[in-house]
Structures are given as structure tokens and as C-alpha cells.
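Hi everyone, thanks for coming.

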Amino acid sequence: MRGRALLIMVLTLALFVQVSAVAAFEFDLTSRVTWVVDGDTFDIETGDRIRLADINTPEVNEAGYGAAKAHLISRIYNKTVYLDIDDQYRYDTTGTRIVCVAYVDFNSTHCFNVNKDLLDGGYAALYPHQNEFEPSDWTLYVQKAGGGQAPDAPWNGAAAYLALIAAIAVAVLLIAASKNKQR
Ligand SMILES: [Ca+2]
Ligand SMILES: [Ca+2]
């Protein structure tokens, strides 16, 4: 009986870990920003060029170019970025730039959304494309996962908590059922 209960607890724990992994806020790559090209494009340590998804900042000959670029430099240059890469196409139409929503550390518990920050600051215009992202869902701040470095959506804590409760309930029911059988 003791062995069986242990097995059930291990399986329950495995289920919980799996559910939490699925519920985690999505970020696909962590790197450091080595160069800012303009207000919506930058390079990272891996050698990849990143194009911020669904926004556009002015080109070099347009009004607002300098301000947008200076703002992005102040936000991310030489800092760690957490990148949510577009799962649908990965690259933009030029085939050379990876399309991402970028996050940087805000404080010990939160990151902020760089794409949203450029929009809210008036440095960038909305420029939606076909991709996995939905700019209307963006929030400026996102909660990090418990103690980790990854940005985390606010609802993830609740989802993981509910999964744990459900897993414990299943374990209790299974243990009770096996006890009944032995009588
Ligand atoms: Ca641009
Ligand atoms: Ca992604």
C-alpha cells in the first residue's frame, strides 16, 4: 500500500510539473543587446537581428527617428532581453530579422514589454502583421515566474495553483479508492 501511494504521488507531481510548464509565460530566447539599429530593430549576442513585432518607428530620413532610437537604446542597450519569437513565421519578410516581442527587467518581480513601451511613449506606431502576437492583449508590465528570470503573465500563478489543487484531489481520490478495495 505504501509503495502504491508513493507511485501515485510521483505521478501526480509529474502531472503538476507538466501543466505548469505549459502554463508558463512564453519566451523563446534570452540574450544581451549588442547594437541598436533604429527604434524597432536591434542585434543580440547570438548574432541575430531582431525586429520588434507589430510596431514601426520612423526610418532614418523621417521625423522621430532619432528620438525613437535614443529611447530604445536607453531601454535595452547592453541589457538582457527575454524574447518571445513569432512561432508562425519566425523571420520578417526580408528573411533576415527575427520577429519578437522583447521584455527587459523592470524590478525583481516584473519585466516590461518593450514593444508596448515604444507604442505608449509615442515613439512607434501600431503596424500589425500576421503572426502569433495580439498587440491589444499586451500589458506594459508582466510578472516574472517565481524566483526565475522569465517574464510571466499574471494569470499563470493562478493556473499553476489550480493544477496543483486538482492534482492533489486526484491523488486523494485514488488513495481512498485503493483503500476501499482492500477492505
Ligand atoms: Ca521602422
Ligand atoms: Ca513565441
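This is a predicted model: local features need pLDDT of at least 70, side-chain atom pairs count only at pLDDT 80 or more; totals for chains, interfaces and linings use all residues.

**Strands, a helix and a core**

Let's start with a pair of strands: β1 and β2 are antiparallel partners, joined by 4 bridges. They make a hairpin, with 2 residues between them.

How confident is the predictor along the chain? The average pLDDT is 85, and 81% of the residues score at least 70. Two stretches stay under 50, though. One is residues 18-24, where the model has 10 contacts beyond four places in sequence. The other is residues 146-155, with 24 contacts of that kind.

Now the overall layout. The chain has 4 helices and 10 strands, and if you read along the sequence you get α-β-β-β-β-α-β-β-β-α-β-β-β-α. Of its 183 residues, 28% count as buried. Here's a number I liked: take the contacts between residues at least 6 apart in sequence, and 67% of them join residues at least 24 apart.

Back to the strands. β1 also pairs with β5, again antiparallel and again over 4 bridges, and there T30 faces Y82 in β5. On from β2, we get to β3: those two run antiparallel with 3 bridges, and F42 has I50 in β3 as its bridge partner. The hairpin of β2 and β3 has 4 residues between the strands, and in it G47 takes a positive phi near 95°. Then what about β3 and β6, parallel or antiparallel? They run parallel, joined by 4 bridges. To find that pairing on screen, look for R51, whose bridge partner in β6 is V99.

α2 covers residues 65-76, so to speak a 12-residue helix, and it reaches 17 Å from first C-alpha to last, close to the 16 Å expected at 1.5 Å a residue. Which of its residues are buried? They are A68, K69, H71, L72, R75 and I76. They sit on the same side of α2, because they cover an arc of only 160° around the axis.

Just after α2, by the way, N78 has a positive phi of about 65°.

Last stop, the largest nonpolar core. It has 31 residues, and the ones touching the most other members are I50, V81, L83, C100, A102, Y103 and L118. At least two residues each come from β1, β2, β3, α2, β5, β6, β7 and α3. Which element gives the largest share? That's β6, with 6 residues.

Let's finish on C100. Setting aside neighbours within four places in sequence, C100 is in contact with I50, L52, A53, L83, D84, I85 and D86.

Methods: Residues are numbered from 1 along each chain as its sequence is written. Chains are lettered from A and ligands numbered from 1 in the order in which they are written. pLDDT is the predictor's confidence in each residue, from 0 to 100. Two residues are in contact if their C-beta atoms, placed from the backbone, lie within 7 Å. The expected span of a helix is 1.5 Å times one less than its number of residues. A residue is buried if 20 or more other C-beta atoms lie within 10 Å of its own, exposed if 12 or fewer, and partly exposed in between; C-beta atoms are placed from the backbone. The arc is that of the directions from the helix axis to the C-beta atoms. A nonpolar core is a set of buried Ala, Val, Leu, Ile, Met, Phe, Trp, Tyr and Cys residues joined through C-beta atoms within 7 Å. Two strands pair if DSSP finds at least two bridges between them.
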